[in-house]
Structure formats: structure tokens, C-alpha cells
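User: I'd like to learn how to read a few structural features in this model. Could you walk me through them one at a time?

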There are 2 protein chains.
Amino acid sequence: MPKNNLMLDALAGKEVSRPPVWMMRQAGRYLPEFMELKNEYDFFTRCQTPELASEITLQPIRRFPLDASIIFSDILVIPNAMGLQFTMKPDIGPWLDNPIKTASEVEKLPTGNLNENLRYVFDAIKLTKEALNDEIPLIGFAGSPWTIFCYVIQGRGSKNFDKAKAFAFTQPQAAHALLQKITDVTIHYLQEKINAGCNIIQLFDSWGGMLSPADHKEFSWPYMEQIVNALHEQVPVIVFAKGCWYALEDMSQSNASGLGVDWTITPQKARELTQGKVTLQGNFDPSRLLSPPEVIQCMVKDMIDQFGTQRYIANLGHGILPNIPVENAQAFIEAVVNYVPDAARV
Amino acid sequence: MPKNNLMLDALAGKEVSRPPVWMMRQAGRYLPEFMELKNEYDFFTRCQTPELASEITLQPIRRFPLDASIIFSDILVIPNAMGLQFTMKPDIGPWLDNPIKTASEVEKLPTGNLNENLRYVFDAIKLTKEALNDEIPLIGFAGSPWTIFCYVIQGRGSKNFDKAKAFAFTQPQAAHALLQKITDVTIHYLQEKINAGCNIIQLFDSWGGMLSPADHKEFSWPYMEQIVNALHEQVPVIVFAKGCWYALEDMSQSNASGLGVDWTITPQKARELTQGKVTLQGNFDPSRLLSPPEVIQCMVKDMIDQFGTQRYIANLGHGILPNIPVENAQAFIEAVVNYVPDAARV
């Protein structure tokens, strides 16, 4: 058990003295010390060198009074482990030379336990755990199977992932076969992340919100639920399904301990849809961190007032942006740490 | 009054024999006859040559039994009229050499009646009205002021319009001044579109969904509402605020006759939020038009069953995609035209 147990308590529904706080992509390009390493090592070198991944994970922890760390890595390590080798193309981002196009290509993909291709992640976790000295919990993560599916079919980022959706809607059987393979690899991977020391798991359904409610129920949620069910007895699992407000009600009835919400839903509505059945995490608009620090502090207080202090984890509604001044990120975190409800103010 | 008054009746809340149908971007790249003109003339030439714009508007009407036409044009004609000259860059899309960066640049922008710079649109409308011979109504449109703001600040399309949001959140006063200027130009423009013959106006708040509910209430909706209030006594106005399910309740209490909804909300939820106060339009996932025609037909029937036949306009949840087979678009439209409720089936 980490000494700071705010985050685990909030996820367990236990009473906390104040909400815990961390930021998605807290180890990222808004930090000058991150930029130094970014300029020196390319993206996958940073992910695949345990010392670098661990160092990057620890950078924000040294600066800010965060209540959780999250291992520096990428959701695309899973397709890479399956032999679908993504590279980072300048000005484009993730790039796969030969995206999956046919059912027979799906059939040829390996599945099951591919952890030997992912050893660098587990090593990074072990190094980080040693350095953290059980002060705060360490979060491990993976992309949702649908989100990984989007990348391996589209072969790159996209505004609407039209090719991925076309594949799902014209070859649904092959799509489900691929989603199941990704799911199986992911479960083994996350299991080993927990063995290596992760205290919490978060699933990022970054592109779930491209789907209609009915299609999300067919192509995304069932695979996430398999993962949640495989892990929830060992560690709490948080599902962050961006843009999927419509799925909050169903997801709140699952074994997930926490649900991430983006900034396009009010705290009231998110509570209403989830009926207090689950811990909520979010949902500060990352662009709002461009406001002056004193505005940020007011907005954070307001956000906590609206979510309530219990069963709540303060966070952004998506990853922090590269152009955020460090002092603004700090204002966000400190506003949570120093939160005092109106009733307790003198 | 057009002979086919399904669409106007649906917007007026009158009883209709079946829901009207049209498709956003129905004059577009999925049509081979459109591609011929696209290959011959560049984007703004097509917009700015009344004969071409009118011809493109009529192309889908000749093929399909649509209940409305929508003038071929672009939302960026407004910044162009204000002297912010967008071009179309290959592989990039809309491009502005010098995006707005400062309050003093905002101050220098013209506003008010700039219709003399937009005469080509009104001429295209008049030509189209003649050709339509009052068979079906003609829809005129504009971008929401927030959406135009996004483009003139960002200078191009974007995944998250981070620069536009940064401007709004760090220079709110200048942002509001710019939004008001765009609003004033847009009201004059749409007024003249109505004078030229448009029977219905639709506002596209394409990037409203990037904003939190509170920020949408500050930066987007009030400007759309000004436009709705300026026009609603002359023609019905439809507001399509993509991704803004959270604003449906407020918008349904306005003078808008119709609200467009995208595919990330169930018909039931959309009805619940709008309480039958307004006509709803949507919401077939454009990617779902890649399904086989027989699947499309089932899904369309299901969609109408869920929305109900009254106060409803069948449409997609966003513009039709370029890679949709023509017969699939046809299957969508015919499924609406031939809709028979279960109770009336033998």
C-alpha cells in the first residue's frame, strides 16, 4: 500500500480528506526537462529504454504534489508487440506501413501472451516503483481494444477514423476477431504490469466517441469489460472513454472502480448518469489551462464543488497540451491540494 | 410555398405523412457528376460561379427523391467577405496566410453589411430557385460564429482548435468582439439569402462540441441565438451543433424550429432532452452508409421508429463521406421515402 492512499481510497469509495489529483500526460511536452530528453531520444527509444521511461515518469512527481504517477509509455506498444510496427513520422504522428485490410491478415496475427516483447515496459515499472519508494501509487495503462483497432486499420491518426469504421461495418466478423486478439494480448500485458507493481490500471478508449451508442456497445465496451473483469479483483480499474458520455450509465454498472469523463459533460450530469455507483475522474478542459492561474484556481474550486469531494479524482478531461505554462499546471494541482469547501472557510 | 412541403411542415410541427429527408453534403464527392466538376474547377471557383454552384446544388436532386435542396457553398465565404481570404491547400484544406492573433487585428476587421462581397451566393440561389420551380424548398446556411472564429484564429482545420481556444480563454474581450463582428456579417448575409429565395436556414456549429457546456454558453450559443432571433419570423431556422448534446435542452427553448443531432446520442435521449419542443434532424452515422444497402434500410427504419415520424427530419449525423457508394446513399433516402410504421404493415 502506498503511503499516500488518497487515490486508492477514492477508487474504493472510502472517505477522503480531499480529492486526489493527477493529470493525464503529466509527463509530457509542457515540462522543459521532458523536452530535453525528447530532443535527445526519439519517441520509441524513450518508451523502450526502462531508465528513460522511468525518469520521464518521475519528472512531474519531483515538481508537483501529485497523488499518483503514471508510467510513461504508449498505447501502441500493443500492436508493436503483435508485429504491427508503428513508427513516428514527423508532422504526421504514429504511422504503420501496412495497415490491416483483410480478414486473412487478421487471422495471421499472433495473440495471447506476448509479454516477452513488452519486457521493457515491465522493467520500467520496476525501476519506477523502486524510485517511488511506495510514496504514491503507480498507474499502468493500455488503449481500449477499439482504439488500438482504429490505429492498426487506419495506420495513422485521423479526424474520423473512416477506414477503421468502414472495416468494422463491412467486415464485422473480422473486426470482432481482431478486437478479441487485441483484448487477449492486452489482458496478459496488464496482468504483468500489475505483477511488476502497478497499483491501478486505466484504459483509454480515446476513439470510442467516434461510435454511435449502439456501435459502442458492439465494438468497444464488451472488450473493455472483458479486461475490467479480468483485472478488477487485483487492482482498481479506471475506464476513460472520451466522448462516450452516452455509455456512462452502462459502464457505471460494471466492475470498473472509476470512470474518466471529458469536459463536454457537466459534473452534475455525469453524477446523474452514474448514480453514485462509481468514482468519477476529470474533467477540466485542457485548453482552459491556458487561462491565467487565478482563473484556473477558481475554476478548479468550482469543479470540485460540483463533483463533490468524495468518489472523485481531480484530473483534466484529456491529456495536458504541450503549450501549457508550467505554472498553470501547478496552479491546477495546487488548487486541488489546497481545496477547502465553502462551509469550512472562515 | 414549395409544392413538397414535408420539410416546412415538419419544422412547423404540423402533421406529415412521413418524415422528410435530405443529407448534409448531399451535393458532394460521392457523386461522379460532382467529381467531374471538381476535377475541372477549384473549390472557390465552384463556390463563386453561380452557374456552377447552382448546377452542383441540383445534381443530387436529379438523382434522388429528396425533400429539400441545400445551396452549394461554404461557411468560409463569410471570412472571405471580411477580407480574411482562405485558400484550399492540397492535403491540408482551408488555409489562411495570416490568422488573427491580436485584439487590434480584430478591431480593424470590417463588419455589418458586407453583402456586396457575397453577391455570387445570392445569384446562385436565384438561379437555383428558377431551376427548382418551387418543387422543393431550398436551404441556405452559414457557420456558427464560434466555428468561423475557430478557422480565422487557427488559420486551418485542426483536431482540437487549440489556438482558437487559447485566444478565447486568454483574450476573452477580443474574442467576444470578433464573435460579434462575425455575427453581424452573418445576419446580413442570411437575411439576403432569404431575400434571394431560401426557404429554410441552417447554422452549422461544427466546432461547438470542442467547448465545455459552460464555455459553449459563453462563446457559441449566444451568437447563434442572435442569428436565430433575427431570422426566425421569416423562415424556420435549424441549428446543428455537432457534439453539443449538452446544449440541446437550452437550445430547444429558443426560437430555433429544428435542432440537428449527431449520431452519438440516441433518439430517445435527444427527445428526452428537448421535451418535444422542437423538430429534430439526424442522426445516421455517415460511416454507417458503408454498410450493405439492406443493412442501411433496416437501420433507417429503426432510426425513424425511435425518433417517431412527427417533428422529425431524416438526415445523417454529419456530412456524407466521399467514399460512400451512390447506391448506399440511395438506399438511405429510399428507406425514408418508403417508410411504413410496423403498425401499418400487413
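**Helix packing**

Analyst: Happy to. In chain A, helix α4 (residues 50–63) and helix α7 (residues 119–132) have axes that come within 8 Å and cross at roughly 40°. Keep in mind that this is a predicted model.

User: What are α4(A) and α7(A) to each other, parallel or oblique?

Analyst: In general, two packed helices are described by the angle between their axes and the distance between the axes. Angles under 35 degrees count as roughly parallel, and those from 65 to 115 as roughly perpendicular. α4(A) and α7(A) are therefore oblique to each other. The crossing in which α4(A) passes α7(A) is right-handed.

User: Which residues in α4(A) and α7(A) meet?

Analyst: On the α4(A) side they are P50(A), E51(A), A53(A), S54(A), T57(A), L58(A) and I61(A). Their partners in α7(A) are Y120(A), D123(A), A124(A), L127(A), T128(A), A131(A) and L132(A). Sorted by class, this contact of α4(A) with α7(A) has nine nonpolar, three polar and two charged residues.

User: At what angle do α2(A) and α4(A) pack?

Analyst: Their angle is about 165°, and the axes of α2(A) and α4(A) are 9 Å apart. Since an angle over 145 degrees counts as roughly antiparallel, α2(A) is roughly antiparallel to α4(A). The crossing of α2(A) and α4(A) is right-handed. Here P32(A), E33(A), F34(A) and L37(A) from α2(A) meet L52(A), E55(A), I56(A), Q59(A) and R63(A) from α4(A). By class, the contact of α2(A) with α4(A) has five nonpolar, one polar and three charged residues.

**Core and burial**

User: Which residues touch the most other members of the largest nonpolar core?

Analyst: The general idea is that in soluble globular proteins, nonpolar side chains tend to be buried together. In this model the largest nonpolar core has 270 residues, and F149(A), V239(A), F332(A), F149(B), V239(B) and F332(B) touch the most other members. Take F149(A) as a case: leaving out residues up to four places away in sequence, F149(A) touches A164(A), F167(A), A168(A), A175(A), L178(A), L179(A) and I182(A).

User: How about T274(B): is T274(B) buried or exposed?

Analyst: Buried means under 20% relative accessible area. T274(B) has 0%, so T274(B) is buried. T274(B) sits in helix α14 (residues 267–274) of chain B. Beyond residues up to four places away in sequence, T274(B) touches L248(B), S252(B), L259(B) and L280(B). For another reading of accessibility, look at S104(B) in helix α6 (residues 103–108) of chain B: its relative accessible area is 39%, so S104(B) is partly exposed.

**Backbone geometry**

User: Where is a cis peptide bond in chain A?

Analyst: Omega is the angle to check. The cis bond joins G282(A) and N283(A), with omega about -10°. N283(A) is in strand β8 (residues 279–284) of chain A. In chain B, the peptide bond from G282(B) to N283(B) is cis, with omega near -10°, and N283(B) is in strand β8 (residues 279–284) of chain B.

User: And what is the phi of R25(A)?

Analyst: It is near 60°, a positive value in a residue other than glycine. R25(A) lies in the loop between α1 (6–12) and α2 (32–40) of chain A. With a relative accessible area of 62%, R25(A) is exposed. R311(A), not a glycine, has a positive phi of about 50°. The loop holding R311(A) runs between α15 (293–307) and β9 (312–316) of chain A, and at 24% relative accessibility R311(A) counts as partly exposed.

Technical notes. Residues are numbered from 1 along each chain as its sequence is written. Chains are lettered from A and ligands numbered from 1 in the order in which they are written. This is a predicted model: local features need pLDDT of at least 70, side-chain atom pairs count only at pLDDT 80 or more; totals for chains, interfaces and linings use all residues. Side-chain values use heavy atoms; hydrogens and water are left out. A nonpolar core is a set of buried Ala, Val, Leu, Ile, Met, Phe, Trp, Tyr and Cys residues joined through side-chain atoms within 4.5 Å. Buried means under 20% relative accessible area, exposed over 50%, partly exposed in between (1.4 Å probe, protein chains only). Contact means heavy atoms within 4.5 Å. Axes are lines fitted to C-alpha atoms, for helices over the stretch in contact, and angles run from 0 to 180 degrees between N-to-C directions. Helices (H or I, at least four residues) and strands (E, at least two) are DSSP runs, numbered from the N terminus. A crossing is left-handed if the near helix is turned anticlockwise from the far one by less than a right angle, and right-handed if clockwise. Ala, Val, Leu, Ile, Met, Phe, Trp, Tyr, Cys and Pro count as nonpolar, Asp, Glu, Lys and Arg as charged, and the others, Gly among them, as polar.
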